[in-house]
Structure formats: structure tokens, C-alpha cells
Amino acid sequence: MLFEKLRNTFTSLVSTLSTKELSERELESILNNMILSLLECDVAYEVAEAIVKNLKDKVIGKKVPSSDIKKIVQEALKQSILEVFNEAQKVNIIERAESKKIKGEPFVILFLGINGTGKTTTLAKVAKLFKKMGFSLIAVCGDTHRAGAIEQLKHHASKLGIKVIEQKYGADPAAVARDGVTYAKAHKIDVVLIDSAGRIQTDKNLMEEILKVVRVVNPDFKIFVGDSLAGNDAVSQSKEFLRYTNFDGVILTKTDADTKGGSAISITYVTKKPIIFIGNGQGYDDLEEFSPEKLVQSLFSPH
Ligand code: GDP
């Protein structure tokens with residue numbers, strides 16, 4: 001089940017705390033073990049530590065009757081997680097695109113992330129969403145390196161009936177991106193979705209190439225695509241991309257296969273950027289608006 005591991009961790013913590021009268025030392029040791037359990041669920045260390053500290057402040061030395069501990073711990077956990085998400089300002093990209101459309105300008109989105117995270121599929125999902133909302137759009141092949149990248153994007157685009165702007169492999173991605181924006185302006189296209197290359201995040205040339213795209217087309221919105229299954233790797237990728245590009249929002253993919261559930265919390269904690277959507281399948285409609293409240297609700301709902 002989705003995020004089952006994280007949910008089980010919370011359930012077992014809450015039941016351990018409420019089964020017997022605990023001394024302060026026992027309580028402290030249970031909460032310290034909680035950090036390890038959270039780490040196993042891909043919650044980054046700094047986040048796990050912050051959550052547990054918050055819990056300790058609320059229950060240790062407060063003479064909480066054992067009958068109330070369950071409720072207090074549950075509420076404190078919910079609050080700590082919601083606080084992480086609340087630090088990231090919510091954004092609605094459909095509304096943003098709408099306001100550019102009113103001005104007669106294209107809304108330009110740049111997709112960032114490592115190969116294999118689901119970047120191209122996610123671009124196609126976002127394309128389908130915009131199309132469904134009545135926007136005209138084009139896609140731009142900004143990955144001119146990886147063999148097959150252009151064909152892959154064209155494959156999705158042809159299924160969705162979307163025009164693709166491309167150049168040959170080896171071309172400068174910034175030049176292709178500029179072509180895309182120029183085309184969109186000339187043809188009154190509402191939305192431009194730019195794919196980008198994704199080797200490893202520590203590749204300085206890659207980051208410089210992406211920064212050149214950013215300088216040349218000045219996108220309205222930069223989306224980091226992270227793979228929820230990649231756990232702490234996804235967290236460090238998000239940090240690195242943030243450092244270079246200061247992206248505006250996150251789409252977390254493959255949550256349908258993620259039983260752990262911690263990467264959503266960790267990525268938001270370290271980047272302070274909102275998760276706009278989550279990918280929950282391989283189909284074009286498998287994109288869901290992300291709701292922290294819904295996540296927290298599902299983590300604490302009874303089995
Ligand atoms: P890219 O290299 O980052 O462009 O990755 P792709 O878009 O090619 O996706 C890599 C694989 O992940 C493909 O098999 C996709 O179908 C799959 N994928 C992408 N998003 C999701 C998702 O939300 N859930 C699942 N289960 N698979 C996904």
C-alpha cells in the first residue's frame with residue numbers, strides 16, 4: 001500500500017506509547033528510536049530529528065496522563081509534518097498560465113531532473129492537463145545529448161497531438177529553447193514545455209548548460225522532477241538543482257510504487273519549494289494535485 005511503511009511507523013509509535021505507563025527515560029528512548037524508523041522511511045535525518053524534537057517538547061516532563069499520550073503524540077506528529085509543508089508557498093500553475101495568456105504571452109515551463117526520474121513522462125502528463133484545460137501548447141526537446149531523447153518526447157507528443165520544436169542531437173539546448181519560445185510568440189501558443197538533459201546532478205557542465213537555457217528564455221516556472229523511489233538520492237538531487245537553478249516547484253513521480261513515503265516530506269523540508277503534483281502511474285492521466293492535508297490524513301487514518 002502507498003506510503004505503508006511510514007504509516008506503520010506512526011501507528012506502532014502511537015500504540016507503544018499508549019499501551020503502558022512509561023517512565024520519562026523509556027519515553028525518551030522510544031522517541032530516539034523513532035528517528036531510526038523515520039530514516040528507514042526515507043525521511044532525511046534533519047527532518048526526522050526536527051519531528052522528534054518537537055514531539056519530545058510536547059510530551060517529556062509535561063506530566064501527560066498516559067490516556068492522553070496517544071492523542072497528543074498523534075496531533076504533534078501531524079502538526080510537525082504539516083509545518084514542513086506549510087513553509088513552502090503553494091502555487092497554482094494553471095492560474096499562472098492563465099494570467100500570461102490574458103496578456104497574450106506564452107507561459108514557459110522548464111523541466112529539470114536526472115534521467116530516469118520520469119521527467120519526459122511527467123512533461124507529457126502536464127501537457128495533457130493543460131490541453132484538457134483548453135490551452136494551446138508546444139513541447140521543446142531540450143535534451144540534445146541522450147540518444148533517443150528526442151524520439152521519446154516526439155512519441156509522447158504525437159500521442160497527445162502536440163507540436164514539437166527540435167534540432168539535431170548535439171545542438172545547443174538554449175538555441176532550441178529560444179526557437180520554441182519564438183515559435184510560441186509568433187503563433188500565439190499559450191504554453192511552452194521545455195524538456196532538459198539530465199545526467200548526474202554533480203555534472204557542472206550540465207548545470208551550466210541548464211543555466212544558459214534559463215538565461216536565454218527566462219522561463220516563468222522551473223519544475224524539478226524527483227523520483228520518490230530514489231529516497232535520499234532524490235533529496236540530494238533536489239538540493240543541487242535548487243542551488244543552481246532556484247526552481248519554483250516540484251513534481252514527485254512514481255508515488256504509486258513508493259511504500260516508504262518520506263521523500264515528499266524531506267524534499268519540501270530541504271528546498272522549501274512546494275510539491276505541485278505527484279505522479280501516480282505510467283498513464284498520461286496519472287498526475288494528481290498534491291495535498292499535504294490529504295497525505296497527513298492518509299498517514300494517520302486507521303488501517
Ligand atoms: P526520464 O528519463 O526522466 O525522461 O524518464 P521517463 O519519462 O522515460 O520515465 C522513466 C520510467 O518511469 C518510464 O518507464 C515511465 O513510464 C516511468 N514513470 C514515470 N512516472 C511514473 C509514475 O508516476 N509512476 C510509475 N509507476 N512509473 C512512472
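User: What counts as a salt bridge here?

Analyst: A salt bridge is a side-chain nitrogen of Lys or Arg within 4 Å of a carboxyl oxygen of Asp or Glu. This is a predicted model, where local features need pLDDT of at least 70, side-chain atom pairs count only at pLDDT 80 or more, and totals for chains, interfaces and linings use all residues. Residues are numbered from 1 along each chain as its sequence is written, and side-chain values use heavy atoms, with hydrogens and water left out.

User: How many salt bridges are there by this rule?

Analyst: The count is 19. In one of them, Glu75 pairs with Lys78 at 3.9 Å, N to O.

User: Where do Glu75 and Lys78 lie?

Analyst: Both are in helix H4 (residues 66–86), three residues apart, about one turn of the helix. Helices are DSSP runs of H or I with at least four residues, strands are runs of E with at least two, and both are numbered from the N terminus.

User: And Lys254 with Asp227, what's the N to O distance?

Analyst: Their side chains meet at 3.1 Å.

User: Is Asp227 buried or exposed?

Analyst: Asp227 is buried, at 11% relative accessibility. Buried means under 20% relative accessible area, exposed over 50%, and partly exposed in between (1.4 Å probe, protein chains only). Lys254 is partly exposed at 27%.
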